[in-house]
Amino acid sequence: MAEEKEKSKMAEEKEKSKMAEEKQKGKMAEEKPKQVVKMAERSAPYRMKMSHQNQFFPKSIFFLTSSTIDDIENRVVCFNMKAAAVYSAIFDQHTNEKTLDAAGTLLKSIARQCYLLITGDEIGPLEETHIEDLPQSIILIIDAVYLVVGFLHDINECAGIPKSSIDRENLDKYFMSKHGALVLSDLAMIDNQLLLDLIIKVVETLPKALAKVPSQLKGSSLGKFNLSFNKDNIPEVVTLFSWYYSPFYASTKQFQLPKTFLLQGNYMTLLDCLHHCIVQSAGTNNGKSPPTSRIWPVPTAKELWRAGVHFEASIDRLFVVEFKAPTLTLPVLFWDSKLETVVMNLVALESSRPRGPVTRYFQLLSELVDDEEDVRLLKRSGVMTGKWKRDHDVVGFVERVNGFASYLARYPEMDLVMEQVKKYIDDRKNRFLVRYGPGNSWVPYIVATATVILIAIVFFYLVDT
């Protein structure tokens with residue numbers, strides 16, 4: 001008996017040690033992703049984000065993808081804002097203290113119905129569930145419903161009809177008054193993006209989800225509400241979003257997003273679509289020889305102007321940097337409240353992309369703009385538009401973006417153009433020296449004549465005195 005007890009005890013200890021080893025292995029496996037996250041936190045976008053938190057951490061609208069959503073207080077306040085926006089879009093009236101709870105219940109109910117239609121999984125009623133107790137899958141659907149109903153529906157309804165007469169400046173004033181500057185900036189942040197695949201699924205299921213909302217939540221206006229677009233119109237809506245958020249001004253015709261691009265990957269976001277529009281417009285060097293390995297320093301705008309270079313705003317294309325002597329064509333920079341946030345996040349996005357036209361352009365702009373005189377010159381040329389309080393604000397913005405975009409961007413086409421500008425200026429200087437330099441035979445006679453006249457004037461002056 002004693003031997004059997006001893007054997008069973010040893011077997012139990014072996015089993016315990018085996019379980020402990022498996023537990024340790026599991027623990028190490030769990031810790032490995034944390035190490036990967038820490039490595040990712042040392043990457044360029046993370047360092048950029050931490051050094052400019054105002055442009056990367058949302059302050060008003062937090063999606064589940066944002067790192068600041070862990071704050072429970074932020075979740076509750078943000079949910080109420082999303083619920084109010086959806087309620088306002090559906091019933092065409094603002095929420096108040098009496099209707100805020102109903103707005104939250106409505107949003108949770110719509111999200112639940114969308115979740116059931118998208119996944120097919122059963123989930124119980126969520127109307128009485130607190131925000132902090134909602135599963136993450138439902139929170140993501142809530143975010144997507146807000147973005148579709150509370151914002152994209154609005155931008156399509158206001159800007160989409162008629163597309164030929166859209167005034168971006170007046171549209172921006174309307175959105176500033178309705179949504180607020182913080183919300184507009186938050187929706188452009190790289191850390192606050194939803195996958196386009198999820199947005200498309202919510203658009204597709206939303207009509208059926210609204211029809212299945214419990215009758216006690218339905219008002220007379222809920223049955224009348226129709227989303228201003230459907231799955232087939234998504235390319236147009238995303239195009240309008242890209243047009244409105246682009247740092248460069250152009251007509252909506254210059255923003256082309258084919259369906260094939262939108263459906264080519266599951267990891268596409270609205271910020272990716274905006275960047276694609278700019279890169280597509282930037283094009284390639286069309287088979288031209290690449291620029292030299294040396295990147296030449298660029299004179300300021302006023303120095304180029306004095307050297308005979310004229311500035312012209314690009315009208316036919318969204319993003320173009322071209323030089324046809326003596327005119328340098330540049331994209332039109334549109335100044336608004338969200339410009340700096342959009343530019344910073346596009347630069348962060350380009351840090352991991354093979355081409356960086358936006359980053360390289362703002363590096364060029366930092367050389368062109370040295371003081372207020374350069375800003376006024378570019379504004380007169382139409383290269384900068386919008387309303388800012390002081391020209392010094394633009395100078396400060398350009399300096400901040402340049403300090404942020406510290407890495408060398410990959411867009412050699414722009415370096416080739418500026419090399420052409422340098423060659424043009426050098427040729428003008430050489431022609432001037434050939435025409436007016438000391439080698440000309442008549443130049444010494446002019447100098448001698450001027451000297452004689454000067455001596456004569458001095459002589460007669462001394463005689464008179």
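Let's start with D172, which counts as buried because its relative accessibility is 10%. By buried I mean under 20% relative accessible area, with exposed being over 50% and partly exposed in between, using a 1.4 Å probe and protein chains only. K338 sits at 1% relative accessibility, so it counts as buried as well. These two form a salt bridge, with the closest N and O atoms 3.3 Å apart. That pair links distant parts of the chain: D172 is in helix α6 (residues 168-178), K338 is in the loop between β5 and α13 (339-350), and 166 residues separate them. The rule for a salt bridge here is a side-chain nitrogen of Lys or Arg within 4 Å of a carboxyl oxygen of Asp or Glu.

Before I go on, a word on the model. It is predicted, so to speak of local features we need pLDDT of at least 70, and side-chain atom pairs count only at pLDDT 80 or more, while totals for chains, interfaces and linings use all residues. Residues are numbered from 1 along each chain as its sequence is written, and side-chain values use heavy atoms, with hydrogens and water left out.

Back to K338, which has another partner. Its side chain meets that of D336 in a salt bridge, 2.7 Å from N to O, and D336 is buried too. In total, the rule gives 19 salt bridges.

For contrast, have a look at helix α17 (residues 412-436), where D426 and K422 lie 4 residues apart, about one turn of the helix. Their salt bridge has its closest N and O atoms 2.9 Å apart. D426 is partly exposed, with a relative accessible area of 30%, and K422 counts as partly exposed at 28%.

Now the strands. Helices and strands here are DSSP runs numbered from the N terminus: H or I over at least four residues for helices, E over at least two for strands. Two strands pair if DSSP finds at least two bridges between them. There is an open sheet of 3 strands in the order β1-β5-β6, with mixed pairing. Which strands stand at its edges? They are β1 (248-249) and β6 (384-386), each with a single partner strand, so one side of each has no neighbour in the sheet. Strand β5 (residues 332-335) pairs with β6 in the parallel sense over 3 bridges, and L333 stands opposite M384 in β6.

Then there is β4 (residues 327-330), which is joined to β2 (residues 310-313) by 4 bridges, the two running parallel. H310 stands opposite T327 in β4, and A313 has L330 as its bridge partner there. In a regular strand, side chains alternate between the two faces of the sheet. In β2, F311 and A313 make up the covered face, with H310 and E312 on the uncovered one.

On to β3 (residues 322-324), which runs antiparallel to β4 and is joined to it by 3 bridges. E322 has T329 as its bridge partner in β4. β3 and β4 form a hairpin with 2 residues between them. One to check on your screens is P326, in the loop between β3 and β4: the peptide bond from A325 to P326 is cis, with omega near 5 degrees.

Let's move to the helices. In α4 (residues 100-119), 14 of the 20 residues are buried, so the helix is largely enclosed by the rest of the structure. After α4 comes G120, with a positive phi near 80 degrees. In the loop between α3 (72-91) and α4 you will find D92, which has a positive phi of about 55 degrees although it is not a glycine. D92 counts as exposed, at 72% relative accessibility.

Helix α8 (residues 196-211) has a kink of about 50 degrees at T205, shortly before the proline P207. That bend is the angle between axes fitted to the seven residues ending at a residue and the seven starting there. Among the buried residues of α8 are L196, I200, V203, T205 and L210.

Finally, V458 lies in helix α18 (residues 443-464) and counts as partly exposed at 41% relative accessibility.
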